[in-house]
Amino acid sequence: MSLANSIYQTLFRRTSTFAITVMVGAVFFERMFDQGGDMIFEQLNRGKLWKHVKHNYESQDDEE
């Protein structure tokens, strides 16, 4: 109970700290959800995306 009580006293007791906690949590969740979705998309489409097949279509003349 002491851990829950200390979290409550630190983050949720005052409205201002509660609002900041919610905003930071939302930003963190959004970033993790976006990166997770991108990771799943790339795993499902491995070998089909341009960055995976680009070397097949580039010639040596383009690099010079």
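**View 1. Helices α1 and α2 cross with their axes within 7 Å of each other, at roughly 95 degrees.** Helix α1 covers residues 2–12. That angle makes α1 roughly perpendicular to α2 (65 to 115 degrees; under 35 is roughly parallel, over 145 roughly antiparallel, the rest oblique). On the α1 side, the contact (heavy atoms within 4.5 Å) is made by Thr-10, Leu-11 and Phe-12, and on the α2 side by Thr-17, Phe-18 and Thr-21. Axes are lines fitted to C-alpha atoms over the stretch in contact, with angles from 0 to 180 degrees between N-to-C directions. Helices here are DSSP runs (H or I) of at least four residues and strands (E) of at least two, numbered from the N terminus.

This is a predicted model, where local features need pLDDT of at least 70 and side-chain atom pairs pLDDT 80 or more, while totals for chains, interfaces and linings use all residues. Residues count from 1 along each chain as its sequence is written, and side-chain values use heavy atoms, leaving out hydrogens and water.

**View 2. Glu-42 and Lys-51 join side chains in a salt bridge, 2.7 Å from N to O.** A search of the whole structure turns up one such bridge (a Lys or Arg side-chain nitrogen within 4 Å of an Asp or Glu carboxyl oxygen). Glu-42 counts as partly exposed because its relative accessibility is 32% (buried is under 20%, exposed over 50%, partly exposed in between, with a 1.4 Å probe and protein chains only).
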